Amino acid sequence: MEGTHSSSMKQEPSATRKPAFSRQPPSPYRAETSQITNKAQTWGQESGPLTSSSGRERLKRHIEEVSGKVMIPDSWGQENLLTDWIDYSSFDKLLAPKGITSAREALIAEGRRACTSPHQRLRVESSC
Amino acid sequence: MGSSKTIVWFRRDLRIEDNPALAAAARDGCVFPVFIWCPKEEEQFYPGRVSRWWLKESLVHLGQSLKSLGAELVLIKTHSTVAALLDCIETTGATRVVFNRLYDPISLVRDHNIKEELVELGISVQSYNGDLLYEPWEIYDERGHAFTTFEAYWDKCLHMQMEPVSHLPPWRLVPAAGTVMKSSVEELGLEDEAEKSSNSLLGRGWSPGWSNADKALTEFAEHHLIDYVDCRLKVGTSTSLLSPYLHFGELSVRKVFQCVQLKQLLWAKEENLKGKESVTLFLKSIGLREYSRYLCFNFPFTHERSLLSNLKYFPWNDNQVRFKAWRQGRTGYPLVDAGMRELWATGWIHNRIRVIVSSFAVKVLLLPWRWGMKYFWDTLLDADLESDILGWQYISGSLPDGHELERLDSPEIQGSRFDPEGEYVRQWLPELARMPTEWIHHPWDATIAVLKAAGVELGINYPKPIIDLDLARERLMEAIFKMWELEAAARTSNTNGTNEVVVDNTDDSENLAIPKVVLKEKVTCLTNSSNDQRVPTNQYSQNNPAYRKRSKYMEDERPQPDKLHNDDNVVGTSRKDEDLSSTAESSSAKKQATSRCSFSVPQYCSSSEAKPMQGV
């Protein structure tokens, strides 16, 4: 298996870190926003991988490093379960757990009730 | 701010922005954020290695953010989620539990049971939509029925009104005091020692966590969205790379939608055709993610009419040697092998490749689809139950707009279309690095001299094809005939037992591929969607199984614009619209022979494309 280095998330340089909230939408709570932005910067520093290179570049670089030497292990951890996964019915059964109909109906009812609540933040309305 | 104490139960909503449950709790008083890890309740869908790695990293990230806001994220490992919640309630004196909704069948039932139990004990429980643009019961046709085709569904969605939402996180969290048996992130056991070396590879390429998701969205929208239409055409390119973030709820889909809509407005004003096409395609992939939830929720699995029922009688070839060759990227078909190696090394593959490798496993190797699904489940960073189900339906013939079961694509031809220069194959298969482009996707046809010059020794340093495609086609057709026999026998047996009449090809609702699902009893006014009427009434036929044979799949293999993936292949708007329209119509007309249960879905939501929707 290639790549035994630990995650480089905490090893990335921090000098060029950008605020996580770089695109705050206009808000009446502007004062709060700026403070939040400061906090967000703090979180970024705490949590790591805000680097000078983008996530996309990072993935690209990673691919370039590993693509020519991928060694897929001879055994897969779940290989011994393969024979248990031929039977179709157990899977189907699992996806139709007991009580799914009532759970579904209850959620629809709750969702519709919430839609009429003034506290629901997102109101989706039909076009009619 | 009120004075109540609320447990905020985090699940796949690992963010602080646009998190309705967190916002509601913060508004009303003290909060007690908790993430509960209960492997027992995950059952067979216990997350795979890479998913668990992502989850672990994301929890660390979220925990730091919540701490900065004032409340610590409590991690609990347990054998019973409800017991853990009750423990939190008892220790904090909380009177309310809030969470954002999940729609997969397993979560749906679990959440319902938990809610009932808590409510019985006098606890207030409220759930919110933090995962979707539109919840499954909000979208229906003019008769109040659930949609059964993606195009009609998405068209309706796009005509819905959506109030802008503020994505700002809570300014401050007031913690609710309480002492519970909490765990460290390591103690959750999301990653065992044996997995750490493999996972470290992932850590070099990916950055989980909500603020990294935010960065990824910004970067995509500002720099790569414009090229989305091109990225879909070529393997080896990155699409949005947002799917894992969306799966774990590190990114709000509403935020993504609104961000992209702004670009849409801008590019429309500038008459930027490519930009407009890219936005339309990208939003469709978001729509497919929504649709996977919509289908699973509105047409839940039943024993009588499974979403994948046509696979029930398929005579799989449980050949572990073949499975291993597929898994290790040693099938001798370069495009398939390159895809499987990329999957292992990065935890992510392009939508196209997902379709190609999963179709190869099922159609060429006849491997049990669950093997493929389980392997994807274990290796994809964006593994997602609803998307997976949609994807396997797509390639297995369960969807009129998807592949027919008898369709078998040639990796060689797929390679010439989606990796014309062979760059992707060369990148992941160094043993073929010097192979001329002409032969890169079918080295077995090259002369000895060409192979020698390229340093390729088939059967030595690169495998010979695991099976000849013509033979694979024969085997596939044999398997399909066998499946029909078994299905017919089972139906006859069932009919005899119940004394019912089997009616084929009628408009009888009993015999409809998809039962009607009424979401609204009476609709008083019509929508303005012209596509709402595309609900199939008669899309399947099981009375004539033997019709399409070789000629059909031979036709499918011609290197022509892929009608099933037309959205991926748009060259111009008019061309795309034409394709989409013709595909929808033809799929309705052609009648599924292989499935009694034919969901009408999108042109590109495979398991493959299913993740893709995520894989946006």
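**Entry 1. Helices α4 and α5 of chain B**

I began with a pair of helices, and the crossing of α4(B) and α5(B) is right-handed. I noted the rule for this word: a crossing is left-handed if the near helix is turned anticlockwise from the far one by less than a right angle, and right-handed if clockwise. The model is a predicted one, in which local features need pLDDT of at least 70 and side-chain atom pairs count only at pLDDT 80 or more, while totals for chains, interfaces and linings use all residues. Residues are numbered from 1 along each chain as its sequence is written, and chains are lettered from A and ligands numbered from 1 in the order in which they are written.

I looked up what counts as an element: helices (H or I, at least four residues) and strands (E, at least two) are DSSP runs, numbered from the N terminus. Helix α4 of chain B covers residues 81–92 and helix α5 of chain B covers residues 105–120; they pack at an angle of about 40 degrees, with their axes 10 Å apart. That angle makes α4(B) oblique to α5(B). The axes are lines fitted to C-alpha atoms, for helices over the stretch in contact, and angles run from 0 to 180 degrees between N-to-C directions. Angles under 35 degrees count as roughly parallel, over 145 as roughly antiparallel, 65 to 115 as roughly perpendicular and the rest as oblique.

I then listed the residues that meet. Thr81(B), Val82(B) and Leu85(B) of α4(B) touch Arg110(B), Ile114(B), Glu117(B) and Leu118(B) of α5(B). By class I found four nonpolar, one polar and two charged residues in the contact of α4(B) with α5(B). Two residues are in contact if their C-beta atoms, placed from the backbone, lie within 7 Å. For the classes, Ala, Val, Leu, Ile, Met, Phe, Trp, Tyr, Cys and Pro count as nonpolar, Asp, Glu, Lys and Arg as charged, and the others, Gly among them, as polar.

I checked the length of α14(B) next. At 1.5 Å a residue, its 13 residues should span 18 Å, and the end C-alpha atoms are 18 Å apart, which agrees. The expected span is 1.5 Å times one less than the number of residues in the helix. α14(B) is mostly covered, with 13 of its 13 residues buried. A residue is buried if 20 or more other C-beta atoms lie within 10 Å of its own, exposed if 12 or fewer, and partly exposed in between, with C-beta atoms placed from the backbone. Just after α14(B), I saw that Gly347(B) takes a positive phi of about 75 degrees.

How do α14(B) and α15(B) pack, and at what angle? Helix α14 (residues 334–346) of chain B and helix α15 (residues 351–364) of chain B pack at about 110 degrees, with their axes 9 Å apart. They are therefore roughly perpendicular to each other. The crossing in which α14(B) passes α15(B) is left-handed. I wrote down Leu335(B), Val336(B), Gly339(B) and Met340(B) on the α14(B) side, and Ile353(B), Ile356(B), Val357(B) and Phe360(B) on the α15(B) side. These residues divide into seven nonpolar, one polar and no charged.

α14(B) also packs with helix α18 (residues 411–418) of chain B, at an angle of about 70 degrees and with axes 8 Å apart. α14(B) and α18(B) are therefore roughly perpendicular as well. Here Pro334(B), Leu335(B) and Val336(B) in α14(B) meet Pro411(B), Gln414(B) and Gly415(B) in α18(B).

**Entry 2. Helix α15 and two positive phi values**

For α15(B), 14 of the 14 residues are buried, so the helix is largely enclosed by the rest of the structure. I looked at what follows α15(B) and found Leu366(B), whose phi is positive, near 55 degrees. Most residues other than glycine have a negative phi. Leu366(B) sits in the loop between α15 and α16 (369–379) of chain B, and is buried, with 21 other C-beta atoms within 10 Å.

Asp18(B) is another non-glycine residue with a positive phi, near 40 degrees. I placed Asp18(B) in the loop between β1 (4–10) and α1 (20–28) of chain B. Asp18(B) counts as buried, with 23 C-beta neighbours inside 10 Å.

**Entry 4**

I counted 24 helices and seven strands in chain B, where buried residues make up 56% of the 616 residues. Chain A has four helices and one strand, and 23% of its 128 residues count as buried.
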